[in-house]
Amino acid sequence: MKTAPAISISAALIAVTVFGTATTTSGADTVTTAHAIAMHGKPKYAAGFTHFDYVNPGAPKGGVLRLARESSFDSFHPYIAKGSPATTDSGAAVIPFITANETLLALSADEPYTAYGLIAESITWPADRSWVVFDLHPQARWHDGAAITAADVVWSFRTLTAAGRPFYRSLFAGVRNVEELGERRVKFTFAGGESREMPLLVGQMPVLPRHYWRQRDFAKTTLEPPLGSGPYRIKKFEAGRYVIEERVKNYWGRDLPVNRGLHNFDQKRTDYYRDITAIRLALKSGRIDFRHETTAKAWALDYGIDAVTEGRLIKDWIPSRKPTGMQAFIYNVRRPVFRQPLVREALAYAFDYEWTNRALFFGQYKRTRSYFSNSDLASDGLPADAELALLNRYRGRIPARVFEQAYRPPATDGGGWPRENLLHAARLLKQAGWVVKDFRLVHGETGEAFTFEFMIGASGFERILLPFVRNLKRLGIEARVRVVDYAQYVRRARSFDFDMMVHAFGQTESPGNEQRALWGSADADRPGSRNYIGIKNEVVDELAELVATATTRENLIARTRALDRVLLWNFYVIPNWHLPAVRILYWDKFSRPAAPVRAGEMLSRWWFDQNKAAALEAGAGGGGEQQ
């Protein structure tokens, strides 16, 4: 690819971009400057839009939102692979508190993958997206009043990729160079072939204050709330117990279209608990206001209280159109016992999902059959057309069943005694060289017993795993379940010090460069990376690269489905289940817009409703001291 020329945009052109999209042509290069950029197609919201459709632009500011997390924390620094950083519940996902560090672009919640200016006032890119230029808002400020500059952006990129989590090096591996073109203009130049995602990806990089961090050691954890630029900052905290965030009254971006109607609470408090039962009790007693319920049994049985039946504590099931990704029991294939695909396939027959869903989950879940479940990216049936043409390149290098069978996890009749499945598992294990001696499964050549440890970070998962362990024992396999505390769980996962664990691989509607980080060989032996499984597969590497460089939606779907099939038929995980909805409970003192969002719900668009709160207080429910 030729080197992209330096660009110079006139003041007149910049003025046009505030109100519309400007396109210029120089030779063979078409350059666009706009307020937003979409992965594919055009942005939903035109230049000059005032707010997103899913918010109430006139939402009142005020009140307190009280949340809870089952974890602890010893750091406010989520950008390094050390410590247990504080997190909170955003209403759509668990996020770091340090989201006070904003990004150049903000994603909309009602489009597959479109980003609008946040710190960046405008975005400029050529037709092949080989580079992107961001012009920063002149009003953009850190909380100490200093201007956010191009130097901050350049420093952030270099620091995150050099000293941050390995994830950042993988995510931004396609960036060849970043440079200041002026005090408020920064340019990223990309390496390799065309990647439509790279401009959006660098636009989501957290921008950090250079002047703040240059006086501190970026490689160390810290409980000093770092300087940010966003709508909230940390007001008060006690390590491992609680964090209180306060809304920044003079926040520079409060009137931006991407922020109008959002960030409405004056304060947000998150309390940390060691036990999930205590969180549920805190909710029912009115000490916290909101909870995402993650356990089917609790949803079905734990909330039969007057406050729910009377409508004071709202129990809400909201459909979600967001991809649910893959939650699974994941193998650490670095362990010799799990290196053979036959062994990994066999163990899946010992997990009785149908019985689990009926007896433990009250039939609430769907079995996950794809790494991209609940989306049009999920593979199904046999490959055809563009997907088949792509996979044909790899015949002989990928399992033949990719072409012959539609992937389905092993199923049972739900009776609790999967005899036929266990017999099939025994046959597969025998093919892999494992035999039963004295009621134990041992390797036929080495005599090594088949044993492993299942690491979990929450005791609530034991009831799901123990029937699985019982079935494994019937095969002669000794599996132990070990519950570890949050800090140890994080540390061991980062260093790949586990045999098997539960993990969720989240996905978006437009997967891209992150696929390299999740499955890429380059990260398999890099502690702190997101390739927890330890996959080293050249075909997976190539397909992940093709996903990252897809140029059309149709192209992206075919490539993602092909990657999905290859991952599935290598049996790197035992798929769990997913819920195409969110289960939330909250005291009736909040209001939210009626317009749905793809993720189901997002707390950042809610507001404290004084009238509802007064009525609730009069009814003696949902009270509790607000701090």
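Helices here are DSSP runs of at least four residues, numbered from the N terminus. Helix α18 is followed by phenylalanine 571, whose phi is positive, near 55°. The structure described in this report is a predicted model.

Helix α18 covers residues 553-569 and has 17 residues. Of these 17 residues, 13 are buried, so α18 is largely enclosed by the rest of the structure. From its first C-alpha to its last, α18 reaches 24 Å, close to the 24 Å expected at 1.5 Å a residue.

Helix α2 has 14 residues, and its reach of 20 Å from first C-alpha to last is close to the 20 Å expected at 1.5 Å a residue. Because 11 of the 14 residues of α2 are buried, this helix is largely enclosed by the rest of the structure. Among the buried residues of α2 are Ala150, Ala151, Trp155, Phe157 and Leu160. The elements that cover the buried residues of α2 include the strands β10 (131-136), β11 and β12 (185-190), together with the helices α3 and α5 (210-213).

**Aromatic pairs**

A search of the whole structure finds 45 aromatic pairs. A pair of aromatic rings is described by the distance of the centres and the angle of the planes. The table gives these values for two pairs.

| Pair | Distance of centres | Angle of planes | Class |
|---|---|---|---|
| Phenylalanine 157 and phenylalanine 172 | 5.9 Å | 55° | tilted |
| Phenylalanine 329 and phenylalanine 351 | 5.1 Å | 75° | edge-to-face |

Planes over 60 degrees apart count as edge-to-face; the planes of phenylalanine 329 and phenylalanine 351 stand at 75°, so that pair is edge-to-face.

Phenylalanine 157 belongs to helix α2 (residues 150-163), whereas phenylalanine 172 lies in the loop between α3 (166-171) and β11 (175-182), so their pair ties together parts that are 15 residues apart in sequence. Phenylalanine 157 is buried, with a relative accessible area of 9%. Phenylalanine 172 also counts as buried, at 3% relative accessibility.

In the second pair, phenylalanine 329 lies in strand β18 (residues 326-331) and phenylalanine 351 in the loop between α9 (341-348) and α10 (353-359), so the pair ties together parts that are 22 residues apart in sequence. Phenylalanine 329 and phenylalanine 351 are both buried. These two residues also belong to a cluster in which ring pairs link Phe329, Phe351, Phe361, Tyr365, Phe454, Phe461, Phe468 and Trp577.

**Charges over rings**

Lysine 187 lies over the face of tryptophan 131, at 5.2 Å from the ring centre. Arginine 269 is placed over the face of tyrosine 242, at 4.2 Å from the ring centre.

**An open sheet**

An open sheet of mixed pairing is formed by 4 strands in the order β4-β15-β14-β13. Its edge strands, β4 (64-70) and β13 (232-238), each pair on one side only. With direction ignored, neighbouring strands of this sheet are turned by 20° against each other on average.

Strand β4 pairs with strand β15 (residues 267-273) in the parallel sense over 7 bridges. Within this pairing, threonine 270 in β15 is the bridge partner of leucine 67. Helix α6 (residues 276-284) lies across β4 and β15 and runs at about 160° to β4.

Conventions: Residues numbered from 1 in each chain as written. Predicted model: local features only at pLDDT ≥ 70, side-chain atom pairs only at ≥ 80, totals over all residues. Heavy atoms only, no water. Phe/Tyr/Trp six-rings, centres within 6.5 Å; stacked < 30°, edge-to-face > 60°. Helix = DSSP H or I, 4+ residues; strand = E, 2+ residues; numbered from the N terminus. Buried < 20%, exposed > 50% of the residue type's maximum accessible area, 1.4 Å probe, protein only. Lys NZ or Arg CZ within 6 Å of the ring centre and 35° of its normal. Pairing = 2+ DSSP bridges. Axes fitted to C-alpha atoms, helices over the stretch in contact; angles between N-to-C directions. Contact = heavy atoms within 4.5 Å. Expected span 1.5 Å × (residues − 1).
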